[in-house]
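This report goes through a protein model from the overall fold down to single residues. The sequence and structure come first, and the text follows.

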Amino acid sequence: GRPGAAPPAPGAPRLAPGPALLGAGESPPARTAHLDAAALARTPGRPDLLARAALGLGTGPVGFEVALLDREQLALPAKARTALAAPAPGPAAPARPGERLPGGPGAGRRAVLIAEVTARLSVAAALVETDGYRAELAEEAVRLARSTGDPAALGSALAALCDARSGPDHCRARLDWAGEIVALARTADDPVLELLGRRLRLVALWETGDLAAGDAEISAFDALARVLRRPLYGWYAPLWRGARALLEGRREDCRRELAETGAVGRRAGSANAAMLAATQHWCLLAAEGDTEGLARLIEGSPPLEREPGVWPKVALALLAAQFGRTEEAARRLAAVAPALPAAPRDSEWLPMLAQAAETVGLLGAHPVARQVAGPLRAALAPYAGLFAVEGIGAAVRGPVDHHLALLAAAGADRDAADRPAADAPTPAAAAGMPDPAPTPAPAPEAESSEAAFRFDGGRWLLRYGGREAGLPDSKGLRDLAVLLARPGTPVPALDLATAVGRPGPDHAGLHRPADTGELIDSTARAAYRRRLRELAEETEEADAAGDAERSARLAVEQDALLGQLSAAYGLGGRARRTGSAAERARTAVTARIRAAVSRIGAVHPELGRHLQAAVRTGTFCEYRPEQAPPWRL
């Protein structure tokens, strides 16, 4: 050290490598470094080092990824908070929310650290403390951080408040808090805090159904994460792009983004990445009706029975229904249903109820479906207009209105199920998402030996070769109904892609549009332009302050957004259209017909084999069997 300098504080040498190891994705060595530093920092007089070690365990003061049910994550922030709040060295009882904290020399910096460890304690206490107590801790952290005027501490405290108030009752408040976090991060020039704010804002945007603004948020997050070049932040953007691709039915794009999420997440050593990628993979396989893939995924994942909380029980019921194990699904759903309305309304509550509604939809006419549909619908009804989002944006299960319609179709409210106009789009279609995944469901009682492929009571009745099955509605099944009604007649894929009207073989709604729409719609373009104006203002501020590093970071984000906008406009500044409508229709219709035939094969193998041999897809699609049965359509 320098001549005459004070000796290094206990714990400081051990603490120094921790943040660097975290940034490189070396989580176990980083944890060891912070725990070693904490052990040395417990000597009287340096509670600040204990606090820094405690915060380092959760990826630094920002707490980008905090392990739950981790004894040290809970114990160290509590000990640091006690030590910082103590008026003098020595043992003291932990301060509870609302208690006044001592002043004295260094009180300003000490207050900042108390705010930060209090916020961290609130986050780490998830699954251990009540939501009310966690919210009290977070609110105290916010009050204390505001009193210090420290933007980074306030941003971390607001993030803890978002985490404690993560349920559907607070999604619009979280949208405001997350926006404030982003603004505070810019003030503090803290890119990691800005990434956390953008992550929180994206989830809130999706929950409120603002998908276009969410797309702009993903681009901004990705641009900033690329500047930092740390694996810990690099897997989020591909995860979110995969979720958007799945929502729009672009399954190959989703699969590609999932591969990148997994690769970067493994380099980061992120438990969140593995868990969220598995959730998205589950949703993808379910959408494809790939029960073999689902079985492999479950074999390679930790048993859901060991996970705490109510949601794993619902997930197990849904999985049983997706595998076609109807009675098991009904038993599991009936057992967990009474606990659902009263379960904590946290981030898991809305997607959990969405999963329960999907299970009801797959159970079809089973008595349990009718039994639980009413209470589920009553619990979900206040959240109509919101979207159910899995985890930190792993997947969007769609609008709550869609799940309410599933429950209504199960018989809880037959009038509500029949109320929409015959040609009105489903809530899922209105949101730009595919219809519910047609996973195996129990077959209704056979009416006759006549071959049937018809839409009845919210489901498709499939009868062939003396065997009957049922599936939920999907675009691929609608396409097949049109083709079965015209054996030997080629039907343009473009006509199928743009058909309107109620499910069935009627072709009155088939028509040809000039193209399939704009590459980026007007709402998304407006969000991009708004962010570009903000970036221009921030760049001027950074240039005026001589902050070259911040200017460079802003330039990267600006280039990324400009690249996306450039792709959206053609000659003369006109919005670019999405290319050959016929080619895009061929690709989309081929994929959804093949998926529908695969799902039919899962519940009715004979009919699946028949359609696989008789249906041809391409620019023109055709049902050409060797001998067409007299279909009842």
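Of the contacts in the protein with a separation of 6 or more, 65% are between residues 24 or more positions apart. The model is predicted. Its secondary structure comes to 29 helices and eight strands, and 52% of the 633 residues are buried.

**Confidence**

The average pLDDT of the protein is 78, and 72% of the residues score at least 70. Residues 1-21 stay under 50 in pLDDT, although the model has 27 contacts beyond four places in sequence for them. Over residues 507-517 the pLDDT is also below 50, and this stretch has 26 contacts beyond near neighbours in sequence. Where pLDDT is low, the predicted coordinates should not be read in detail.

**Buried positions**

Helix 4 covers residues 47-57, and nine of its 11 residues are buried, so this helix is largely enclosed by the rest of the structure. Its buried residues are Pro47, Leu49, Leu50, Ala51, Ala53, Ala54, Leu55, Gly56 and Leu57.

| Residue | Relative accessibility |
|---|---|
| Glutamine 280 | 0% |
| Cysteine 254 | 0% |
| Leucine 484 | 3% |
| Cysteine 162 | 3% |

Glutamine 280 is part of helix 15, which spans residues 271-288. Glutamine 280 counts as buried because its relative accessibility is 0%, and the cut-off for buried is under 20%.

**Cysteines**

A disulfide is a covalent bond between the sulfur atoms of two cysteines. The count for this model comes to zero disulfides. Cysteine 254 is in no disulfide, and the nearest cysteine sulfur, that of cysteine 283, is 8.7 Å away. A disulfide requires the two sulfur atoms to be within 2.5 Å.

**Leucine 484**

Leucine 484 lies in helix 24, made up of residues 475-484. Apart from residues up to four places away in sequence, leucine 484 touches Phe453, Leu611, Tyr623, Trp631 and Leu633. Leucine 484 and phenylalanine 453 are 31 residues apart in sequence, with 8.3 Å between their C-alpha atoms. At 3% relative accessibility, leucine 484 counts as buried.

**Cavities**

Rolling a probe the size of a water molecule over the atoms shows where empty space is left. How many cavities of 30 Å³ or more does the structure hold? There are two, and the largest cavity has a volume of about 60 Å³. Its lining consists of Arg186, Glu194, Leu224, Arg531, Glu538, Arg550, Arg553, Leu554 and Glu557. Helix 26 (522-545) and helix 27 (548-568) are the elements that give two or more residues to this lining. The largest share, four residues, comes from helix 27.

How values were computed:
Residues are numbered from 1 along each chain as its sequence is written. This is a predicted model: local features need pLDDT of at least 70, side-chain atom pairs count only at pLDDT 80 or more; totals for chains, interfaces and linings use all residues. Side-chain values use heavy atoms; hydrogens and water are left out. Buried means under 20% relative accessible area, exposed over 50%, partly exposed in between (1.4 Å probe, protein chains only). pLDDT is the predictor's confidence in each residue, from 0 to 100. Contact means heavy atoms within 4.5 Å. On a 1 Å grid over the protein atoms alone, a cavity is a set of points where a 1.4 Å probe fits but cannot get out, and a pocket is an open set with protein on both sides within 12 Å along at least five of seven lines; lining residues have an atom within 4 Å of a point. Grid points are joined across faces, edges and corners, and a volume is the space filled by probe spheres set on the points.
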